[in-house]
Amino acid sequence: MLHPLPVLVPALLLLSACGGGGTRERVVVRPAEPRLVSILVEVYDPVTNFVWENVSVRVVEADQEWSACTCSSPYTDWFLTDASGRVLLDEYLLADAEVGFLEDSLGRAVLWPAADEDEATVVLEIDAVGFMPVIVEVPLRWDQPDVFVEVPFN
């Protein structure tokens with residue numbers, strides 16, 4: 001009977017020499033960071049497909065996942081659509097609306113990646129003189145923090 005040791009030693013040496021070639025890649029894992037949130041609203045006429053300029057948009061409330069709270073804005077700040085029918089509610093305006101967003105050190109509205117801090121639903125009111133107001137719910141998520149929403153208005 002043959003002794004297996006003379007066969008095993010070279011086999012182990014060959015196996016240990018296989019692979020990486022002596023260099024290793026360093027993998028840096030960074031924790032997920034909060035993301036700034038914003039809503040770009042475009043208001044248009046569904047009959048003509050033209051956009052509406054000078055239509056009022058305001059943040060009414062937001063349902064915040066992290067606090068399980070629906071927070072109403074204490075303000076009635078209106079923002080007018082521009083010549084392209086759009087208004088941007090950026091991270092500063094959403095934080096200033098005081099609808100419960102978590103904020104970073106600069107006072108900007110953010111969503112965190114944690115499972116109970118990564119979603120919010122913002123309720124907007126669209127209004128103009130002579131028209132019925134339109135209410136729109138805009139979902140925000142950590143993986144999609146910047147949302148473009150088109151609102152038909154007539």
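Predicted model: local features only at pLDDT ≥ 70, side-chain atom pairs only at ≥ 80, totals over all residues.
What share of the 154 residues in the protein chain is buried?

Figure 1. Residues are numbered from 1 along each chain as its sequence is written, and side-chain values use heavy atoms, with hydrogens and water left out. Buried residues come to 33% of the 154, with buried meaning under 20% relative accessible area (1.4 Å probe, protein chains only). The chain exposes about 10,100 Å², and carbon and sulfur atoms supply 57% of that (Shrake-Rupley method, 1.4 Å probe).

**Figure 2. How the chain is laid out.** Here you can pick out 2 helices and 11 strands; these are DSSP runs, H or I of at least four residues for helices and E of at least two for strands, numbered from the N terminus. Read from the N terminus, the order is α-β-β-β-β-β-β-α-β-β-β-β-β. Of the contacts (heavy atoms within 4.5 Å) with a separation of 6 or more, 62% link residues 24 or more positions apart.

Figure 3. The strands sit in the order 6-2-11, with mixed pairing; two strands pair if DSSP finds at least two bridges between them. Strand 6 (86–89) and strand 11 (146–152) are at the edges with a single partner strand each, so one side of each has no neighbour in the sheet. On average, neighbouring strands are turned by 20° against each other, direction ignored (axes are lines fitted to C-alpha atoms).

Figure 4. Look for I39, which stands opposite L89 in strand 6.

Terms used: Axes fitted to C-alpha atoms, helices over the stretch in contact; angles between N-to-C directions. Buried < 20%, exposed > 50% of the residue type's maximum accessible area, 1.4 Å probe, protein only.
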